[in-house]
Amino acid sequence: MIPLLRQRLRRDWLQLLLWVLGAVLLAVAGYGGVSQSYGTVADRQEVLAAVMANPVILMFRGLPSGDSAGAFLAFEDLPWLAMLAALMSTFLAVRHTRGDEEAGRSELIAATPASRTLPTLATIVHGLGANLALAALTALSLIGAGMDARGSLLTGAAAGGVGVAFLGIGLVAAQVMRTSRGANSLAVWLLVAAFLLRGIGNMAGTPSDDLTRIDSAWPAWLSPFGWAEQVRPFDADAPWPALLALAVGLALAAAATALQSARDLGAGFVPERRGRAAATAALSSPHALVWRLSRGAILGWAIGGVLTGVLATTLSALAGQVAGENPAVAQVLEKIARAGDLDEAMITVFFTMLGILAACAAVQTVVRARQEEAHGTAEPVLATAVGRVRWFSDYAVVATVAVLLVVGAGMGAAYAGLAADDAADGLYRAVTVAGLGQLAAACVFTAITALVFVVLPRATLAAGWALIGIASILGMFGPLFGMPEWATDISPIAVTPVVAQGEVDLRGLWWLVLAIAVAGAGSIALMRRRELAGDG
Amino acid sequence: MDTVIRTSGLTKRYGRVHALDGLDLSVTAGQVHGFLGPNGAGKTTTIRILLGLARKTGGEASVFGGDPWRDATTLHRRIAYVPGDVSIWPNLSGGEAVDLLTRLRGARTRDPGYRAARERLEAAFQFDPRKKGRAYSKGNRQKVALIAAFAAPADLYVLDEPTSGLDPLMEVVFRDEIARVRDAGATVLLSSHILSEVELLCDRVSIIRAGRIAETGTLAELRHLTRTEVSFEAADAGALDGIPAAHDAAFADGRARFTIDSDAVASVLPLLAARGAAGLRIEPPSLEELFLRHYGDQVKDGRP
């Protein structure tokens, strides 16, 4: 076990370090944002009261647990800290179990006197260690910032507990699915569902009389994220919900170990279907191949787009009802959106998320070109009558189609929501402008990732996802954390055209168009001279 | 005769590594040309340049008279390629991959000739086309590429160690296919480090070593370059005295052995007859020996 763990740490340390640093950064930035923007009790009470009145915000924030600075920090930050821990853990779990099995590395280990379950057991130890590090460093950074020690430790523990729970979920997903791609998708879908469930539970909860706390409804108790919030750090400081998450995670890990010893190496519990003996007539061109390889993922992102679109306008209408009574709600939303009217602001916020989803779909498609190249399946295609530029631009084309589908699905759902609510005509225009603006933003990610693929192929995967991550943090959280405007304006999703107070504000549209044109033309021109860059 | 592939002074550098260092290769139409060399000698790099997957650093390369980098797309309509390490798409079935690759080459898969050829090849290679790509073994992935290459006709077949994952039975099927396309007039460039395969199949052989062609010619011509080994039963080393043309004379385990220039074999036969040599064995040089001669210095250095 020890040599195996040492080898994994060598492979993993940088990635784990980045996840943990991300969590520390989030904690410190959250602390800075709270003390800067919500320094007084009155500020915080105002926001919390606004949240009670407009519970939509609870989808993106934690559980209100009082008006102290610490409890408010947990309200702002804890779901995202837990999300980081959860993502780190599921990817870790799948990478070292199903991922290794797919690559054939587990076979080498299984052939030694080591037990068949050793890789799974090592992954459990590895994941527990990573979550312990994340929890401890998050807690230490909060203590270092001057927060109460018990609350800081419990904040870390709550995030780490969610991490362990998703370590277990990732391990089970890796047993059930036959490929690491499948296991990762299953685990991430469960993660998103758990995150939403917690939000719904909080939205449906009962506010306290002073409008600073909410007692969650039952759906929040079905989600590890919900348990983390029930810790209520800096308020109730209850450790047992974090322990519940830990226990469930360990139970799932034990179940995964049992499943591992019950099956053959390389097999899954979802049986492999037999394929066609011959290709359909449609599968006869390079772009048909790209579509065939990407369509499942793109449809997944488009479903996310539909959900986001529905929320953008139906919740918007709900928010509109309470806006009159609660000017504070509008103030918060304006802060995120830098826009005027509340309904318009809601649309802007949700369409920013839609833009992120579309960018994810597009970047994943461009990254697939790199995966095809590294995996060796690009070579037989390029040895046929398919030119380099044609091969490459088909990925860019399908990525653009993905953007259109995801944004289109979101816009369609948003229009449907408006129609159902008999909304004002102005909002249709807000949806149209926000949607088309995010279309442009998502295409910027496509074009830049494509350029990276041509110039620095080995960096494609990391660069593509890092760009989305950084842009999302700057665009979505920059204003809340009190970042300067120039910093948030770097993010393409934050400078798209919006409708504010009935007026169309183009903001950085021309910059977006320029970026798409330069990166797109540059990548195609350079692709003419680029040779195939194989192996990892 | 037409030259299908010609390179002169071809070089390729990866950073400081000279993968190709002035390679001169010439393959004429209708030939099965063996491209022989150990791993790392530059076989795959040459093939990648000839297919326009990699760009030459210097020198000349032409395929069917065209530039393999600039005219890749048009040239590839006439070329079928089997890579050494075949990867296929994990979520496509083998049959889908075969059809897709054939269509991308510009051939029609509705054509009854193609359908019949595919069926025949699947039967001969004992290949199940309905399995998903990820379920195939190395040998089966290789069959996908081979079936895709042979199911539709091509003018040039570029095969990079195509049998490395096949069992001996399937190698026979592969040899039959090579014979079939040669009879149909196609040209074949067959890279290999398996000598028996090249000996069985090839009209001409080019031996590559450290990015250069070390030797090229028909098998007969290359045999001429090496010596025939003669051995017979003897009581002691004295049996070797008085054979003027003998090289490397040695006595071991009750057998005397020596090597001799191949055109001098007839001249020693009377001497052997005079000694009443029993258990006489006269063996023409195998490609193994050709190989050792070209890489012999490396073997002596103790390197692979």
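Start in this predicted model with the crossing of α15(A) and α18(A), which is left-handed. To see it, select residues 425-455 of chain A for α15 and residues 509-527 of chain A for α18. Two packed helices are described by the angle between their axes and the distance between the axes. Here the angle is about 30°, and the axes are 8 Å apart. Angles under 35 degrees count as roughly parallel, so α15(A) and α18(A) are roughly parallel to each other.

Next, show the side chains where these helices meet. On α15(A), the contact residues include A:G437, A:A440, A:C443, A:V444 and A:L451. On α18(A), among them are A:L512, A:I516, A:G520, A:S523 and A:M527. Colour the residues of this contact by type: 18 are nonpolar, four are polar and none is charged.

Now move to chain B and select residues 79-82, which form strand β5. In a regular strand the side chains alternate between the two faces of the sheet. In β5(B), B:I79 and B:Y81 point one way, while B:A80 and B:V82 point the other way. Are these residues buried or exposed? All are buried.

Opposite B:A80 you will find B:Y157 of β6(B).

Last, show both chains together. Their contact takes 27 residues from chain A and 33 residues from chain B. Which element gives the most to the side of chain B that touches chain A? Select 94-104 of chain B, helix α3: α3(B) gives the most, with seven residues. That side of chain B divides into 16 nonpolar, six polar and eleven charged residues.

Note on methods. Residues are numbered from 1 along each chain as its sequence is written. Chains are lettered from A and ligands numbered from 1 in the order in which they are written. This is a predicted model: local features need pLDDT of at least 70, side-chain atom pairs count only at pLDDT 80 or more; totals for chains, interfaces and linings use all residues. Axes are lines fitted to C-alpha atoms, for helices over the stretch in contact, and angles run from 0 to 180 degrees between N-to-C directions. Helices (H or I, at least four residues) and strands (E, at least two) are DSSP runs, numbered from the N terminus. Angles under 35 degrees count as roughly parallel, over 145 as roughly antiparallel, 65 to 115 as roughly perpendicular and the rest as oblique. A crossing is left-handed if the near helix is turned anticlockwise from the far one by less than a right angle, and right-handed if clockwise. Two residues are in contact if their C-beta atoms, placed from the backbone, lie within 7 Å. Ala, Val, Leu, Ile, Met, Phe, Trp, Tyr, Cys and Pro count as nonpolar, Asp, Glu, Lys and Arg as charged, and the others, Gly among them, as polar. A residue is buried if 20 or more other C-beta atoms lie within 10 Å of its own, exposed if 12 or fewer, and partly exposed in between; C-beta atoms are placed from the backbone. Two strands pair if DSSP finds at least two bridges between them.
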